[in-house]
Amino acid sequence: MSIRQLFRTLNGMSSFAVLHGALGCPVYWMNTDGGGLPEANGNVQRSSRPQRGRGRVNALHLVLPEDADSSPRPRRGRRGGASVHGVIEARGLTKDYGEKRAVDGLDFDVRPGVVTGFLGPNGSGKSTTMRLILGLDAPTAGTVTLDGKHYRDFAAPLHEVGALLEARSVHTGRSAYNHLLALAQTHGIGKRRVNELVDLVGLHEVARKRAGQFSLGMGQRLGIATALLGDPATLLLDEPSNGLDPEGIHWIRNLLKSLAAEGRTVFVSSHLMSEMALTADHLIVIGRGRLIADTSVADFVQRASGGLVRVRSPQALRLQELVAGPDVSVESGEPGVLDISGLSAQQVGEIAAAHGIVLHELTPMQASLEEAFMELTREDVEYKAGEVVTEEEGAA
Amino acid sequence: MSNIVHVVAVPRLATTGKVTQARVAVSEWTKLHSLRSTRWSLAVAVILTIGLPLLFATIVGSHWAHMAPRERADRHPLDIALAGVNLSQLAIAVLGVLIITGEYSTGMIRASFTAVPKRLPVLWAKLGVYALVVLVLAVPSVLIAFWGSQKILAQHHILQISLTSPGVLRSVLGGAAYVVVLGMFAMAVGAIVRNTAGGIATFAAIFFVIPPLMNILPASWNNAISPYLPDAAGRDVFSLTHGPHDLAPGPGFALFCGYTALAIAIAAVLLVRRDT
């Protein structure tokens, strides 16, 4: 199941959904109680405690056009050959900073051709892992390699990996153009390439200005241009949509998908599940430096929500008898409504049709990704909000 | 059927190249000249190196008639010609520290080490490019300072000295050599300390604070230690006259280069080992 298929049935998704409709223009949908535009990064505060998908009644059904998700992904020609490029492998990866263990025995693979989301609460070790991959920090134990090699051993690293780090990595006194040029020159990449990328990320008019004067969004665009400079097989992007406006977020989302569709490895970190839901195919979730999940987005939600199907029917009791089975459990919150787990919506619908039962509603209830994420990482959040927030959440 | 993914086409790169020391040097040259702080520091260094001797020559020339014989005997044309070096060394040292600590304070170092993960080529390139730039600016500056101050003094028919006299050319060019090596020393300190304020303070302590403190020690200790400090050893190369305890220009400058090499070696080891 692709992410977009998932969205067709997703309940209670983030109150800010940016969709690309058949018209080819972005469609913004908002909760009516949203009270204006949420923050550009989609970080909308939720008032309710995650309830494993049950709490959200007003299901949002998004009808999306068919997408190219299932079409075969072309392998990149230039790097040719049968060998797969851009595989990131972490084995027992551990990093201590003094007494504190930032990354704790991580094992994961990141594969080319898909967008892999790297998800975790703030302070969970995402940025440290990125630095370890790039050899900026040395692991305390374990290894992380790209195609079996340490980053340091690449003769032309910018052609292998393009990185955008969360902390800014630009001299504030240098212009965007000269910043890119200086990095390009280490690999003998020419000025034409620098100009191409300045245009691509939309910094043409400010390319000669000092990077210190850039807004957060412009800084991110410069970082993305830096990452793409060497036309790399692998992209490591730490919170790329930070500080971007909705248009910029939309742009980067498409960029990441395009890069993955070209057969590149795209490893992108975020602390926002909603952002990952729209971008990633696969998820690596960490909390307190430890691996929590390494799974497809669909499986991630499935696992967290238990695959509940809500049925509303005037013949609910009869249906309850018909669907009963060893792996099926049925709960009924109110008369005429059943929450069935253990069967798919399709199966429930077919059983109902076979016995001529009228259905008024048949909804696969899935936890929103945000809820699934919070459920999974609840124990592993580094910095928890105070009690006041908890009470508010409980009351809502 | 429409496609949700609107392709953002990243232009492909036709050719790929490896990281080489020469390419890293070109990159460091771009980094160096594209910063305002570099241009200002170097301009100040050149202006001081040339301007101060001209100013001193003018003052000495105009006051010569009123100066006591003892005072006249104390004036040396080479001291006037190289007076600027004493001040411009500060600009050269601060810039040397800043070239490397500026990368740490802004985070640029992460981009630099991502592009050149072996790291040492970056250090070598920074040292080489900076040394070359300082050399190219310092040699003409000290020669102009020498000729300029001599021209001014010649108008008063005083303190004339020839470049061909023993030790004069060595001293004049030694002034340039001193700031070149000093810049590298400062850069190594910057790479070790990785912090602008700390780097400049460390440098100032070694060159400006510790030497005068030696005067507190008993004279025998002072005479045994002071000539071997980096500051005194480095100065031997642009001093025409040497005291009984001073090192000769050759050994003094060699020792100064040795200190610098040691600082660079420590910087190189730490650069490779430390997290960024």
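## A six-stranded sheet in chain A

Chain A of this predicted model holds an open sheet of six strands, ordered E7-E8-E9-E5-E10-E11, and the pairing is mixed. Strands here are DSSP runs (E, at least two residues), helices are DSSP runs too (H or I, at least four), and both are numbered from the N terminus. Two strands pair if DSSP finds at least two bridges between them. Strand E7 (161-164) and strand E11 (290-296) of chain A each have a single partner strand, so they stand at the edges with one side lacking a neighbour in the sheet. From one strand to the next, the twist averages 15°.

Let's zoom in on one pair. Strands E5 (residues 115-119) and E9 (residues 265-270) of chain A run parallel and are joined by five bridges. Leu119(A), for instance, has Ser270(A) in E9(A) as its bridge partner.

## Two sides of helix H5

Which residues of helix H5 (residues 191-200) of chain A are buried? They are Arg193(A), Val194(A), Leu197(A) and Val198(A). Buried means that 20 or more other C-beta atoms lie within 10 Å of the residue's own, exposed means 12 or fewer, partly exposed is in between, and the C-beta atoms are placed from the backbone.

Contact between two residues means their C-beta atoms, placed from the backbone, lie within 7 Å. Just after H5(A) comes Gly202(A), with a positive phi of about 80°.

## Where the chains touch

Between the chains, 56 residues of chain A are in contact with 41 residues of chain B. On the chain A side, H7(A) gives the largest share, seven residues. By class, that side has 27 nonpolar, 18 polar and 11 charged residues. Here Ala, Val, Leu, Ile, Met, Phe, Trp, Tyr, Cys and Pro count as nonpolar, Asp, Glu, Lys and Arg as charged, and the others, Gly among them, as polar.

## How to read the numbers

Residues are numbered from 1 along each chain as its sequence is written, while chains are lettered from A and ligands numbered from 1 in the order in which they are written. Because this is a predicted model, local features need pLDDT of at least 70 and side-chain atom pairs count only at pLDDT 80 or more, but totals for chains, interfaces and linings use all residues.

Note on methods
Axes are lines fitted to C-alpha atoms, for helices over the stretch in contact, and angles run from 0 to 180 degrees between N-to-C directions.
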